[in-house]
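This report goes through a structure feature by feature. Please keep the sequence and the model open while reading.

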Amino acid sequence: MIPVLAAVVAALLFLQAVVRLRRRGRADLAGWDRIALFAAGLAATLFALVGPLDGLADEKLLSAHMAQHVLIGDLGPALMVTALRGALLVFFLPAPILAPLARNRRVRAVLGALLRPRVAFSLWAANLAVWHVPYLYDLALEHQNLHDFEHVCWMFCGFLVWTLLVDPGSHRRLTVGGRVALAAAMFATGQILTDVLVFTFTPLYPFYHGAHGISALTDQQLSGIVMMVEQLLTLGICVALLLRPRWSRARRARLAAAT
């Protein structure tokens with residue numbers, strides 16, 4: 001299976017990065033917390049693509065399909081990018097692979113263009129909108145190659161926006177305020193889809209007829225709730241972590257002023 005093979009390759013690349021850093025005496029940059037985060041990201045992705053959720057998503061429940069999408073396009077990338085921040089990102093690819101890529105002007109130009117905040121967010125928002133058009137949504141379910149391409153799009157766009165939010169390489173393409181604004185924009189965009197799914201009182205996706213005692217309409221509304229809750233958790237935690245240093249400084253300033 002391609003997802004399993006890709007996960008194995010990613011795990012091996014991550015582990016060799018950890019080993020290389022530890023051999024250099026920098027175990028502090030490759031701790032067990034990073035290993036746990038990366039493993040959790042891979043586990044979330046594999047659970048969505050090859051676990052029992054995949055069968056429910058493909059055949060029975062729209063809400064399961066939504067859960068699959070947010071796992072591979074949001075939670076999985078968020079955890080893996082967070083794990084790779086700092087030196088681990090540099091060591092993730094072996095030197096014989098990284099050096100030619102780093103020297104290639106076209107590769108640098110393409111990556112630089114894709115990671116422009118407006119470009120990355122536009123691609124993420126377009127992906128969210130296009131793949132939820134009922135005709136395309138059902139068409140992907142009927143054609144496996146298109147469905148696989150859809151999943152690749154979700155993961156690709158997820159890694160783009162979470163690279164900007166986490167900034168693992170400390171490139172500072174966005175300030176802290178800009179990253180908070182991006183998270184807010186992502187939530188607001190997702191909320192539009194959530195409102196459509198929750199407050200449209202007719203089923204939008206003919207492929208799904210409901211299952212396990214859940215009607216098609218209730219399933220559709222649940223899918224909107226799944227997306228909203230997942231975004232609240234991932235983006236909310238991201239914003240809280242970004243603002244925590246400022247809150248801490250403000251708290252210390254208030255305590256100092258009080259004394």
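The sections below cover the basis of the model, its helices, aromatic pairs, cysteines, salt bridge, surface patch and backbone angles.

## Basis of the values

The model is predicted: local features need pLDDT of at least 70, side-chain atom pairs count only at pLDDT 80 or more, and totals for chains, interfaces and linings use all residues. Residues are numbered from 1 along each chain as its sequence is written, and side-chain values use heavy atoms, with hydrogens and water left out.

Helices (H or I, at least four residues) and strands (E, at least two) are DSSP runs, numbered from the N terminus. Helix α10 covers residues 144-166, which is 23 residues. The expected span is 1.5 Å times one less than the number of residues.

D167 follows α10 and has a positive phi, near 55 degrees. This residue lies in the loop between α10 and α11. D167 is buried, with a relative accessible area of 13%; buried means under 20%, exposed over 50%, and partly exposed in between (1.4 Å probe, protein chains only). G169 is found in the loop between α10 and α11 (176-199) and is partly exposed at 30% relative accessibility. Its C-alpha atom is 6.8 Å from that of L89, although G169 and L89 are 80 residues apart along the chain.

## Aromatic pairs

Rings of Phe, Tyr and Trp (its six-membered ring) pair if their centres lie within 6.5 Å; planes under 30 degrees apart count as stacked, over 60 as edge-to-face and the rest as tilted. By this rule the count comes to six aromatic pairs. One of them is the stacked pair of F121 and W124, with 6.2 Å centre to centre and 25 degrees between the planes. F121 and W124 are three residues apart in helix α8 (residues 117-130), so about one helical turn separates them. F121 is partly exposed, at 21% relative accessible area, whereas W124 is buried at 6%.

W131 and F149 form an edge-to-face pair, at 6.1 Å centre to centre and 70 degrees between the planes. This pair links distant parts of the chain: W131 is in the loop between α8 and α9 (134-142), F149 is in helix α10, and the two are 18 residues apart. W131 counts as buried at 7% relative accessibility, while F149 counts as partly exposed at 48%. F14, F38 and F92 form one aromatic cluster.

## Cysteines

A disulfide is a covalent bond between the sulfur atoms of two cysteines. Here the criterion is a pair of cysteine sulfur atoms within 2.5 Å, and the structure holds zero disulfides.

## Salt bridge

Side chains of opposite charge can pair when their charged atoms come close. A salt bridge is a side-chain nitrogen of Lys or Arg within 4 Å of a carboxyl oxygen of Asp or Glu, and the structure holds one. R26 forms a salt bridge with D28, the closest N and O atoms being 2.7 Å apart. R26 is partly exposed, at 36% relative accessible area, and D28 is exposed, at 53%.

## Nonpolar surface patch

L222, I225, V229, L233, I237 and L241 form a nonpolar patch on the surface, with about 510 Å² of accessible area together. Patches are made of residues with over 30% relative accessible area and no salt bridge: like charges are joined within 9 Å, nonpolar side chains (Val, Leu, Ile, Met, Phe, Trp, Tyr) within 5 Å. Accessible areas come from the Shrake-Rupley method with a 1.4 Å probe; for residues, only the protein chains shown count as cover. V229 is in helix α12 (residues 216-258) and is partly exposed, at 40% relative accessible area.

## Positive phi angles

Most residues other than glycine have a negative phi, and most peptide bonds are trans. D167 has a positive phi of about 55 degrees although it is not a glycine. H212 is another residue other than glycine with a positive phi, near 55 degrees. H212 is in the loop between β1 (210-211) and β2 (214-215) and counts as exposed, at 59% relative accessibility.
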